[in-house]
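Look at the model below and trace the chain from one end to the other.

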Amino acid sequence: MSGEENPASTPTPVQDVQGDGRWMSLHHRFVADSKDKEPEVVFIGDSLVQLLHQCELWRQLFSPLHALNFGIGGDATHHVLWRLENGELEHIRPKIVVVWVGTNNHGHTAEQVAGGIQAIVHLLNKRQPQARVVVLGLLPRGQHPNPLREKNRQVNVLVREALAGQPRAHFLDADPGFVHSDGTISHHDMYDYLHLSRLGYAPICKALHALLLSLLGADQGRHPQP
């Protein structure tokens with residue numbers, strides 16, 4: 001599916017409907033940040049990435065890896081593609097790029113969202129060939145079962161299959177089991193049934209941190225991290 005056929009993989013900036021220019025200001029800040037930093041790991045995605053930066057787990061687990069956080073609330077796959085094509089990758093050469101985006105792709109099918117995520121991975125492989133790409137699976141959402149949960153599940157199935165044969169791309173389903181046996185999600189894990197609480201972030205961050213350390217150690221070959 002080409003970008004012309006798939007709006008989720010067609011690079012598009014966010015329309016400034018609120019009139020304050022915040023999205024473009026954040027994008028320009030990320031480009032500026034990349035000019036004077038040398039990150040080993042870059043996180044890019046939506047509010048689940050952005051809010052992680054405010055969590056103490058970021059300081060504990062990811063700051064020591066010289067990580068940059070390029071998360072913007074509300075972003076969908078086509079917004080991330082536009083940002084990556086317009087300078088956010090230009091001045092850095094990270095060892096790993098973590099991608100977490102897709103739950104905001106409203107109006108797109110699961111196949112389109114998966115295509116958008118694959119387009120991001122393809123762009124990263126092309127622009128940052130030295131970097132491994134870690135795609136985090138989309139989380140369930142909503143207090144009770146709903147169509148968006150099923151759509152996110154389908155996206156994960158499609159992306160996992162698409163990345164299975166790519167040696168530099170990795171899919172991590174970090175959902176520790178947020179959906180209870182009765183089909184509900186607790187506000188203790190997701191305070192608004194979409195965004196994660198500190199309790200909700202903890203198992204995801206620990207699983208991701210373990211994977212990042214493993215990949216960084218593997219790439220160091222005979223000189224793994226102590």
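This is a predicted model: local features need pLDDT of at least 70, side-chain atom pairs count only at pLDDT 80 or more; totals for chains, interfaces and linings use all residues.

Residues are numbered from 1 along each chain as its sequence is written, and side-chain values use heavy atoms, with hydrogens and water left out.

Begin with the interior. A nonpolar core is a set of buried Ala, Val, Leu, Ile, Met, Phe, Trp, Tyr and Cys residues joined through side-chain atoms within 4.5 Å. Buried means under 20% relative accessible area, exposed means over 50%, and partly exposed is in between (1.4 Å probe, protein chains only). The largest nonpolar core has 34 residues, and those touching the most other members are Leu84, Val99, Ile120, Leu124, Val135 and Val159. Helix 5 (residues 110-127) supplies the largest share of this core, 8 residues. Helices (H or I, at least four residues) and strands (E, at least two) are DSSP runs, numbered from the N terminus. A second, separate core has 33 residues, including Val49, Ala67, Trp100 and Leu139.

Which residues does valine 135 contact, leaving aside its neighbours within four places in sequence? They are Val99, Ile117, Val121, Val159, Leu163, His170, Phe171 and Leu172, where contact means heavy atoms within 4.5 Å.

Next come the helix pairs. Two packed helices are described by the angle between their axes and the distance between the axes. Axes are lines fitted to C-alpha atoms, for helices over the stretch in contact, and angles run from 0 to 180 degrees between N-to-C directions. The axes of helix 4 (residues 77-88) and helix 5 are 9 Å apart, at an angle of about 15°. These two helices are therefore roughly parallel to each other; angles under 35 degrees count as roughly parallel, over 145 as roughly antiparallel, 65 to 115 as roughly perpendicular and the rest as oblique. In this pair, Thr77, Val80, Leu81, Leu84 and Glu85 of helix 4 meet residues of helix 5 that include Val113, Ile117, Ile120 and Leu124. Helix 4 is mostly covered, with 10 of its 12 residues buried. Its cover includes helix 1 (22-35), strand 1, strand 2 (67-71) and helix 5.

Helix 5 also packs against helix 6 (residues 147-163): their axes come within 8 Å and cross at roughly 40°. Helix 5 and helix 6 are therefore oblique to each other. Among the residues that meet here are Ala110, Ile117 and Val121 in helix 5, and Lys151, Val159 and Leu163 in helix 6.

Asparagine 156 lies in helix 6. Its relative accessibility is 11%, so asparagine 156 counts as buried. Leaving aside neighbours within four places in sequence, asparagine 156 is in contact with Gly137, Leu138 and Phe171. Asparagine 156 and phenylalanine 171 are 15 residues apart along the chain, and their C-alpha atoms are separated by 8.7 Å.

Two loop residues remain. Histidine 66, in the loop between helix 3 and strand 2, has a positive phi of about 55° although it is not a glycine. With a relative accessible area of 48%, histidine 66 is partly exposed. Tyrosine 193, in the loop between strand 5 and helix 7, has a positive phi near 65°. At 22% relative accessibility, tyrosine 193 counts as partly exposed.
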